[in-house]
Amino acid sequence: MASDSSPDAGAPTATPWETFQLGPFTAPRLWVGLWQLSSTAWGTAPAAKIREAMARHVAQGYTAFDMADHYGPAEIVFGQFQEQLPPRTVLGGTKWCVFKHGEITRASVDAAVRERMTRMRSPRLDFLQFYWQDYANKDYLTALRYLQGMQRAGQIGALGLVNFDAVRTDEICTQLGPGAIVSNQVQFSLIDTRPLHGMADVCEKHGIKLLTYGTFCGGFLSDAWLGQPEPDPYSGVLTPSQRKYLDVITRGWGDWALFQDLLRVLRAIGARHGDASIANVAARWVLEHPCVGAVLVGTRLGVAEHPTENARVFGFALSDADRAEIEGVLARSNGRKMIVLIGDCGAEYR
């Protein structure tokens, strides 16, 4: 991502956008992630200013937005924004997250979906993603079958998963049948490569795509951190995402010195591709995996936005030499051990 003072934040991009198929939708490969509306710790802006920022993003090609039932006012603000646009201008993907066990009935599932519709001011949901906390309780299959029924009735356009591991994703896709699930949203970056150890095979088997978050590691995978000392996690200047990813970088993946080696390699690769940013190269590496549909860009709308720079990811492709240089650093890290240290995708939340 660009620095907060990026001078071209409102300029249009001339680079053609890459797209992919998400069920019935042709979706862009960069999405606006609205999770930062869940807390004031990321900074705040008035709702009107957030909607203006949404409009700027849409004008540049960011026509898909990711939100959830627990992302503060995200669904409400998106619904207000969507009402101002012609039909089918934007794709809104939200989530129903079941953190605590309760009785799963047709009525309870219907109520959860209709709450999303009400907040988003829409008679149907374009794209609903489902999260389930407790794998020991198999009612997630029951909930998904009810959701599948609502999809067949035209109330939901497409169904996806959130932070399910490879075993359960395979189980769900097998039980619900071909085409029932179109995606799984998981953490994936140069630092966290767990999706390559099992999940990628499940995606190929069932024809689903990953929507990835954490691809920029809270902004650490950027030019702003090249040559900088390791930050103090208790300094009060880091965002919640940065505190999370700093811990992953220095306590799981490797150490700050190795991370600086990675940034230097990414900077050199970017220089060979029209001065692409470190964030561009990091996102390009993720996007070039066949299992990945899109990268979700956490955006502090109305506070700090970098749409033009982020879209430059579509202006180049990595060479074999680029990938070999990156692999040279990754091979020195604990990246391939993280699936053992942390567990499969989503394990850190369970």
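**Close-up views of a predicted model**

**View 1. Phe-220 and Trp-225 pair up out of the solvent's reach, as both are buried.** Phe-220 is buried, and Trp-225 is buried too.

**Close-up views of a predicted model**

**View 1. Two buried rings, Phe-220 and Trp-225.** Phe-220 is buried, and Trp-225 is too. The model shown here is predicted. How are the two rings of this aromatic pair arranged, and at what angle between the planes? The pair Phe-220 and Trp-225 is tilted, with 55 degrees between the planes. Centre to centre, these rings lie 4.7 Å apart.

View 2. The model has 19 aromatic pairs. Tyr-140 belongs to helix α4 (residues 139–152). Phe-164 sits in the loop between β7 (156–162) and α5 (166–176). The pair therefore ties together parts that are 24 residues apart in sequence. Both Tyr-140 and Phe-164 are buried.

**View 3. A cluster of rings, with a charge over Phe-164.** Which residues do ring pairs link into a cluster? They are Trp-96, Phe-130, Trp-132, Tyr-135, Tyr-140 and Phe-164.

**View 4. Cysteines without a disulfide.** A disulfide is a covalent bond between the sulfur atoms of two cysteines. The count of disulfides here is zero. Take Cys-97: its nearest cysteine sulfur belongs to Cys-345, 16 Å away. Cys-97 counts as buried, at 10% relative accessibility. Now look at Cys-203. Its nearest cysteine sulfur, that of Cys-291, is 5.3 Å away. Cys-203 is buried, with a relative accessible area of 2%.

**View 5. The second largest pocket and its lining.** Rolling a probe the size of a water molecule over the atoms shows where empty space is left. The second largest pocket holds about 370 Å³ of space. How many residues line this pocket? There are 18. Gln-82, Pro-87, Arg-88, Val-90 and Asp-126 lie nearest the pocket's centre. Strand β2 (residues 25–28) supplies the largest share of the lining, with four residues. Sorted by class, the lining has nine nonpolar residues, five polar and four charged.

Technical notes. Residues numbered from 1 in each chain as written. Predicted model: local features only at pLDDT ≥ 70, side-chain atom pairs only at ≥ 80, totals over all residues. Heavy atoms only, no water. 1 Å grid on protein atoms, 1.4 Å probe; cavity = no way out; pocket = protein on both sides within 12 Å on 5 of 7 lines; lining within 4 Å. Points joined across faces, edges and corners; volume = space filled by probe spheres on them. Helix = DSSP H or I, 4+ residues; strand = E, 2+ residues; numbered from the N terminus. Nonpolar A, V, L, I, M, F, W, Y, C, P; charged D, E, K, R; others polar. Phe/Tyr/Trp six-rings, centres within 6.5 Å; stacked < 30°, edge-to-face > 60°. Buried < 20%, exposed > 50% of the residue type's maximum accessible area, 1.4 Å probe, protein only. Lys NZ or Arg CZ within 6 Å of the ring centre and 35° of its normal. Disulfide = S-S within 2.5 Å.
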